[in-house]
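Visitor: Hello! Could you take me on a close look at one part of this protein, and show me how that part is built?

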Amino acid sequence: MAKKAKKQQQQTGGTPATVALAAAGVGFTVHAYEHDPAHPSYGEEAAEAMGVSPDRVFKTLVADVDGDLTVAVVPVAGSLDLKALAAAVGGKRAAMADPAAAERTTGYVRGGISPLGQRKRLRTVLDASARGHATICVSAGRRGLEVELAPDDLARLTGAVVAAVGRS
């Protein structure tokens, strides 16, 4: 790893996601908290730990749409509508991806998958509800680390389609 990239990782929380944000010159805030492995939900744990409404904290889910891995970014307060996800990317069928395939492809571990800085850039769909907030929080690339940024910046950096793919 180049010295500049290594220095950026140290300054921004040390993940490929935060390095990608810093390199893009996007405004963001890193939120770190002590991850509790016994907590039943990574996303709800993040919302509680940061004192942020669960509708502003978004989880990164990896699905298989017609044989292609696709990222869905939806509020932790709800769930993913697989039919809507498939439709958003012009597909027919969607199912949750095998967790091992998601980890291998993104380079992140489950509960810490970020839509940013993935090993292999995947198609991404951001739930339309994100645009109702000035900023949202997504995983910064490891459990116990979130990044807060404008939803339009997230959509631009990931090349995301913005569509209603979340369910309350």
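**Inside the annotated span**

Guide: Gladly! The UniProt record, an unreviewed entry, lists residues 44-157 as "domain: YbaK/aminoacyl-tRNA synthetase-associated". What you see here is a predicted model, so let's read it with that in mind. In this model, the span 44-157 is 25% helix and 33% strand, and its end C-alpha atoms lie 25 Å apart.

Let's begin with the largest nonpolar core, which has 25 residues. The members that touch the most other members are Phe58, Val62, Val73, Leu126, Ile136, Val138 and Leu154. Several elements give two or more residues to this core: the helices α2 (16-24) and α6 (151-158), together with the strands β2, β3, β7 (136-142) and β8 (145-149). Leaving aside residues up to four places away in sequence, Leu154 touches Val73, Pro115, Leu116, Leu126, Ile136, Val138 and Leu149. Apart from this core lies another one, of 13 residues, including Leu61, Val65, Val74 and Ala86.

Next, turn to helix α5, which covers residues 99-106. Its buried residues are Ala101, Ala102, Thr105 and Thr106. They sit on the same side of α5, because they cover an arc of only 110 degrees around the axis. And what lies over them? Among the elements that cover the buried residues of α5 are β2 (58-65) and β3 (68-75). Just after α5 comes Gly107, with a positive phi of about 85 degrees.

Look along β1 and β8 and you can follow their antiparallel pairing over four bridges.

One last stop: the loop between β6 (123-127) and β7, where you will find His133. Is this residue, His133, buried or exposed? His133 counts as buried, because its relative accessibility is 18% and the cut-off for buried is under 20%. Not counting residues up to four places away in sequence, His133 touches Asp55, Arg56 and Pro151.

Notes:
Residues are numbered from 1 along each chain as its sequence is written. This is a predicted model: local features need pLDDT of at least 70, side-chain atom pairs count only at pLDDT 80 or more; totals for chains, interfaces and linings use all residues. Side-chain values use heavy atoms; hydrogens and water are left out. Buried means under 20% relative accessible area, exposed over 50%, partly exposed in between (1.4 Å probe, protein chains only). The arc is that of the directions from the helix axis to the C-beta atoms. Contact means heavy atoms within 4.5 Å. UniProt positions are given in the numbering used here, feature names are shortened, and annotations may be inferred rather than shown by experiment. A nonpolar core is a set of buried Ala, Val, Leu, Ile, Met, Phe, Trp, Tyr and Cys residues joined through side-chain atoms within 4.5 Å. Two strands pair if DSSP finds at least two bridges between them.
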